[in-house]
Structure formats: C-alpha cells, structure tokens
Amino acid sequence: MNERVPDTPLWRNASFALLWAGHTVSLVGSQVTVIAVPLIAAFTLGAGPWAIGVVAACGRLPYLVFGLPAGLWVDRWPRRAVAAVCAIGQAVALGAVPVAAAVGVLSVPLLAAVAFVAGAFAVVGDIAGLALVPMVVPRGQLTRAQGAVEVGQATAQIAGPALGGWLVGVITAAGALLADAATFLVAAVTLVRLRQVGEQPQATGGMWDGVRAVFGHHALRRVTLCTATHVFWFNAFTVVVLLHLVSDRGMSAAQAGLTLSVGAVGGLAGALVAARLGERWGRRRTMVAAILVAGGGQALVVVEPFTAVAVMWFALQVYNVHQVPVRYEATPGALHGRVNATIRTVVWGTAPAGALVGGLLGQGVGLGATLVLSGVGAATACLWLIRTRVG
C-alpha cells in the first residue's frame, strides 16, 4: 500500500508511526535530563543560577554554530541515517556524565561540555527528523501529523519530569541520565527499522538558500521571529523554574518533577484540540491567542504552579501544531532541511542568551520575579503576528 495516498489514515502509516514512536521515547528521556542536569549542577556541584544558566546555554549554543550547515547536510545526505547516527551520538554523550561522576571527575565545565556535544548531535538530528515528516506524510495530513508529534511531546512532558524526579531519588541525578541515553538508542533502532520512506528530493543550491526562503517569505519570517522571541523568554523561564519549586517552595526533586508532569497534561489537551481550534478561529488568531496565554501561564507559576504550567503547555502545543506546517506549505521539499535549519538556528539561537538572562535575573532580582518577567516577555512575541497572513 502506498503510504503517501492522502486517504490513508495517519495511524496506518507505518513509517510515520515508527518515526513518532522513536521521537516520543527520546523526548521522555530528554525530560528526565531537564530535571537531572540542574539538580546535578545545583546540589552535586554546588552551582548557582548563573552557572546553571551557562550549562543550559552551552546546550543550545550548537544551534548557532552548526544550525545552517546542518540543513545543507540533511538535504544532501540520507535523512534517516543522519537522524539515527545523531541519536547514537546523544546517547554516548549523556552516558559520559554518570561515568565521570563514578570516577570523581564530574565538574560544571565538564557538564557544560557534555551539554554542548549532546546539543550538537541534537541540532542535526532534530533537523533531519523534521525533514523526514513530509517524506512519510502526505501534504494534506501535515497539520494533523504535527498534532500527533505534539501529542508525543505532551506525553513526554507528562511522564518525563515525574520519571526524572523518581530516578534522581533512586539512582542519583547523574545516574538518571543513563535513562535518557537509553531512550536515544531506542530512537536509533526505530529509525533503522523505518521503511517505505518517500524519495528524498534532490538538493540543489547552497546553504544560504534556506535563509532566503525563510526571510524572503513574509508569513514564514514573521512566524519564525515570533517563535524566536518566545523561545528566548521561555529559556529564561526554564533556568529558574525548577530552582523556584525546590528552593522557594521547598519541594523535593520528586515533587517538583510531579508538579511539572501534572501541569504538562495541559499540553496533551492542547495538542489534541489544536487542529479544531485552528479550523474554527483561523490559524493566525489561534496562534496569537496561544502565545498570549502561554506567556500568562509562565508568569503565574509563582502563584499556582500546577494550573499555570498546565495552561502554559496547553497554549504552547496549540501554537506549535500550527506554526510548524507553515514552513512545509511555504517551501519546496528539496529545501526542507535548510529551511528547518534556518528556523532552528534563529529560534534556538536565542536560547543561550535567554538562559543567560534567566540566570542573571534569577541571581539579581530573585527566582519568582524572573518567572513573572519571562512570562511578560514571552507574551510580547505575539506582536510579530499582527496583520500577518499565515494561512
């Protein structure tokens, strides 16, 4: 059966199911790392908010260093093989942390170096994975496919933090990273087993074609800048939120992880209803409202963490379901790798700066005030979408 026939139900598409499963499993592991790394830095190595911000920034810095060339590599090399190799690379990098802890050489600089190496593999792997989606899913099903991807993301955000908090208590924060390493090995296996992938479009031109495609298209440029602004402030938020829950609210690692997991149920709901909301309200209005609500959720974490995190993730998943297909609709398949790379470079290129700002604010004005400021800043991202036609 040809999987690219539009009438074929999405979940009968075996290639997409494998791609989705591997991606979701690795996301669960990544959420474990989100819990484990700040706790390693803060409580094992005695680092403060600024040092934790530096470690987080190192994990995002590869998007600035490797983002654009990664797009060209993904368009010219077999995308499935690239994604599988990068998953294995992330597993090896993360596995180095518990080994270093066991032999007594773990330090903040080493943790930052591991974050950079793992981030470098993540850059190329993420871009390859995104470029695989339109190769296994018909054009008319891309929005629903992205909705399914976001359901996986939300599921990971529900299961991962609680699992991470539990693992930290049972096998230490460094040992918990072994779980993340294992999930990337699982993802590599699913990619190797993936079959019936549509033919990869023949790449032509150079690295900068992706930049011209993104910034030469009005809607795609505006959506990219909106996402970049939000990601900047979201990374300021992520640097301090766990410290706020543990230090200011007196939660244990398990309780903090459970708080983030329960709140992430909102993300699952958002991913499930996003397509219908867009059909009812229109894509632009849905995206604007989602950004405003997500920013409000970030700010209100200082008041009621459970509800605020749920609202934040609900809105973020609604936004993501609609913003990703814009790039597929606006650009040809042969450019998808470079377009994804350009967007990832711009968007996640703001993340190191956001993490550093979060660390500075957390050190200077306090954790709670930083959460509020990050939410207000994130909400302003919607200004990029005013009077912008996004379909």
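Gln 323 is buried, its relative accessible area being 8%. Here buried means under 20% relative accessible area, exposed means over 50%, and partly exposed lies in between, with a 1.4 Å probe and protein chains only. The residue Gln 323 sits in helix H12, which spans residues 305-330. Apart from neighbours within four places in sequence, Gln 323 is in contact with Val 223, Thr 227 and Met 287, where contact means heavy atoms within 4.5 Å.

The model is predicted: local features need pLDDT of at least 70, side-chain atom pairs count only at pLDDT 80 or more, and totals for chains, interfaces and linings use all residues. Residues are numbered from 1 along each chain as its sequence is written, and side-chain values use heavy atoms, with hydrogens and water left out.

**Cysteines**

A disulfide is taken as a pair of cysteine sulfur atoms within 2.5 Å. By this rule the count is zero. Cys 86 is in no disulfide, and the nearest cysteine sulfur to it belongs to Cys 58. Cys 226 is likewise in no disulfide, and for Cys 226 the nearest cysteine sulfur is that of Cys 382. Both Cys 86 and Cys 226 are buried.

| Cys 86 | 5% | Cys 58, 19 Å |

**The chain as a whole**

The secondary structure consists of 14 helices and zero strands. Helices (H or I, at least four residues) and strands (E, at least two) are DSSP runs, numbered from the N terminus. The radius of gyration of the chain is 20 Å, close to the 21 Å that the globule rule gives for 391 residues, so the chain is as compact as a globular protein of that length. That radius is taken over C-alpha atoms, and the globule rule is 2.2 Å times the number of residues to the power 0.38. Along the principal axes, the C-alpha atoms fill a box of roughly 55 × 45 × 35 Å.

Of the 391 residues in the chain, 58% are buried. Among contacts with a separation of 6 or more, 89% are between residues 24 or more positions apart.

The accessible surface of the chain is about 15,400 Å², and 68% of it belongs to carbon and sulfur atoms. Such areas come from the Shrake-Rupley method with a 1.4 Å probe; for residues, only the protein chains shown count as cover.
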